[in-house]
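Here are my notes on the model you sent over, point by point. Have the viewer open while you read.

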Amino acid sequence: MKRYTIPRLGTKLLLPLILLFALYVQFHGDYGPGGGFQAGVIFGAGFILYALIYGLDHAHRLMPLWLLRIGISLGVLIYASVGLVGLLLGGNYLDYGVLDHHDPAHGQHLGILLVELGVGITVSAVMVTIFYAFAGRGR
Amino acid sequence: MLFGIYSLVSASLFVILDAVDVAFTEASVGAGVSTVFMLGTLALTTSREKTPAAHKPLLPLLVVTITGLALVYGTWDIPPYGDPANPIHHHLVQRFIEDSPQEIGIPNVVTSVLASYRGYDTLGETTVVFTAAIGVLVLVGGARRRRSRKDEPK
């Protein structure tokens, strides 16, 4: 794919838009359709597109494997620790209402945002990791 | 390729059914990423089947049959599909739709159900994704690749 100009240029144009759209889906999930899972998949798909067009070595330089492995576990950790924070502040596990003392709805908002962030990080890292594993195997 | 088209068509179907979140997931996962993974798998496989190791298929067959029967037995207790008298249409849906603007304060009820009311489920799902990645890494990931590289010079 490296010698074809049109896919390379197209990727260059599309990639920032894809990543931006993923972030939009991630943080606008409270108001419109979408959320952590979809955003993670789109974010991962952006890197998969990059790896398909520019080759696995460039993609490894852009998104190294150690970062992905941290990302996979970090997302689940964020999710679980948001639950634990709720527990420490005197609520139930995964009860976000206690995260804000004045207004439980604000706490819910914050909790959902953090939890969706965790889901997004894990899902995007997992997608890219699986693609790396499949694409790297054949070489 | 057919899988991708099928996913895209069902994503449009979900949009018609006003399930935009599901359509979003179906379009990005079903039509996008899993097609790429399918092609990656096809690139790894060969056209000829390897001769399987010789062991009796009886025990796996027994396990699969018993699990399948148990799952079928479990479906008998599921309320009939699309019946308006199902319990979910009477308590949960109304409560979520009526109370979530005050309790959560987020316009998208799907997000508040997924992340807050059903927080345990979503935590479980994230853990499933996490476990799936570890499984894939163990099966086709780093360690095996290093071994095959070592084999290559022979």
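1. Confidence first. In chain A the lowest confidence is in helix 5 of chain A, with a mean of 86, and the highest is in helix 1 (residues 5-27) of chain A, at 90. The score is pLDDT, the predictor's confidence in each residue, from 0 to 100. Chain A averages 85, and 97% of the residues score at least 70. Helices here are DSSP runs of H or I with at least four residues, and strands are runs of E with at least two, numbered from the N terminus.

2. Ground rules. This is a predicted model, where local features need pLDDT of at least 70, side-chain atom pairs count only at pLDDT 80 or more, and totals for chains, interfaces and linings use all residues. Residues are numbered from 1 along each chain as its sequence is written, while chains are lettered from A and ligands numbered from 1 in the order in which they are written.

3. A helix pair in chain A. The axes of helix 2 (residues 36-54) of chain A and helix 5 (residues 104-137) of chain A come within 7 Å and cross at roughly 30°. (Axes are lines fitted to C-alpha atoms, for helices over the stretch in contact, and angles run from 0 to 180 degrees between N-to-C directions.) That angle is why helix 2 of chain A counts as roughly parallel to helix 5 of chain A; the cut-off is under 35 degrees.

4. Who touches whom there. Helix 2 of chain A contributes residues including Gly36(A), Gly40(A) and Gly44(A), and helix 5 of chain A residues including Gly120(A), Val123(A) and Phe131(A). Contact means C-beta atoms, placed from the backbone, within 7 Å. The residues of this contact divide into 15 nonpolar, six polar and one charged. (Nonpolar is Ala, Val, Leu, Ile, Met, Phe, Trp, Tyr, Cys and Pro; charged is Asp, Glu, Lys and Arg; the others, Gly among them, are polar.)

5. The interface. 43 residues of chain A are in contact with 40 residues of chain B. Helix 5 of chain A gives the most to the chain A side, with 21 residues. That side splits into 25 nonpolar, 15 polar and three charged.

6. Chain B. Chain B has seven helices and zero strands. Of its 154 residues, 20% are buried, that is, with 20 or more other C-beta atoms within 10 Å of their own, C-beta atoms being placed from the backbone. In helix 5 (residues 109-117) of chain B, the buried ones are Thr111(B), Ser112(B), Leu114(B), Ala115(B) and Ser116(B). They pack against helix 5 of chain A together with helix 4 (92-103) and helix 6 (119-140) of chain B.

How values were computed
Parallel < 35°, antiparallel > 145°, perpendicular 65-115°, else oblique. Contact = placed C-beta atoms within 7 Å. Buried ≥ 20, exposed ≤ 12 C-beta atoms within 10 Å, placed from the backbone.
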